[in-house]
Amino acid sequence: KKYLFSDPISVSNYAIVTKSGTKYNKLEQLSGKSTEALAGSNYAQTLEDWNKSHPDKDPIKVNYVSGQTGFTSRLQDLDQGKIDFIFYDQISSSYASKDQGFNFTVSQLKDKVGSDKDGKEYILFAKTDQGKELRAFVNKRVKELQKDGTLAKLSKKYFGGDYVSSLN
């Protein structure tokens with residue numbers, strides 16, 4: 001109610017982060033494996049939903065961490081073998097792994113979970129006349145940058161992949 005949203009500026013799909021040499025890209029492959037997640041997050045909820053929908057399978061073991069447990073701490077726990085994987089978004093996972101010097105495999109989840117809006121990222125503007133003008137200006141420029149390929153080049157350069165070309 002308080003903000004205006006831009007058109008989507010990127011899409012960061014769900015991803016599974018594992019030690020190099022191990023690759024999971026489906027939730028079923030996580031059966032019996034362990035992870036850490038923030039209680040109440042969409043990532044934790046997705047894993048909980050999978051467990052409920054598959055009572056015949058070994059549950060995915062979700063160790064809940066507090067909001068003060070940073071993503072880097074979870075990356076360290078993965079590196080030290082305390083957990084088997086991290087379920088998070090692809091952009092953040094790829095960027096943080098590289099930035100922190102970890103050699104992890106980040107695999108996009110192939111399963112369809114959530115809604116079509118999941119993973120889409122937006123710019124927020126104040127819900128004012130000036131905000132409406134700014135949103136129109138930004139939306140127009142983003143479309144131009146997407147059309148001429150600049151947005152994809154920037155995405156690859158700064159985030160390590162093309163997270164913009166699939167936007168409508």
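The model is predicted, so local features need pLDDT of at least 70 and side-chain atom pairs count only at pLDDT 80 or more, while totals for chains, interfaces and linings use all residues. Residues are numbered from 1 along each chain as its sequence is written, and side-chain values use heavy atoms, with hydrogens and water left out.

Let's begin with the sheet. Helices (H or I, at least four residues) and strands (E, at least two) are DSSP runs, numbered from the N terminus.

Within H3 (residues 90-99), the buried residues are Gln90, Ile91, Ser93, Ala96 and Ser97. Here buried means under 20% relative accessible area, exposed over 50%, and partly exposed in between (1.4 Å probe, protein chains only). Just after the helix, Gly101 takes a positive phi of about 80 degrees.

Now for the charged pairs. Side chains of opposite charge can pair when their charged atoms come close. A salt bridge is a side-chain nitrogen of Lys or Arg within 4 Å of a carboxyl oxygen of Asp or Glu, and the whole structure has 3 of them. In one, the closest N and O atoms of Asp7 and Lys143 are 2.5 Å apart. That pair links distant parts of the chain, 136 residues apart: Asp7 is in the loop between S1 and strand S2 (10-11), and Lys143 is in helix H4 (residues 129-147). Another joins Glu28 to Lys57, with the closest N and O atoms 3.1 Å apart. Glu28 lies in the loop between S3 and strand S4 (34-38) and Lys57 in the loop between helix H1 (42-53) and strand S5 (61-65), so the pair ties together parts 29 residues apart in sequence. Asp77 and Lys82 form a salt bridge too, at 3.8 Å between the closest N and O atoms. Asp77 counts as buried because its relative accessibility is 14%, whereas Lys82 is exposed, at 55%.
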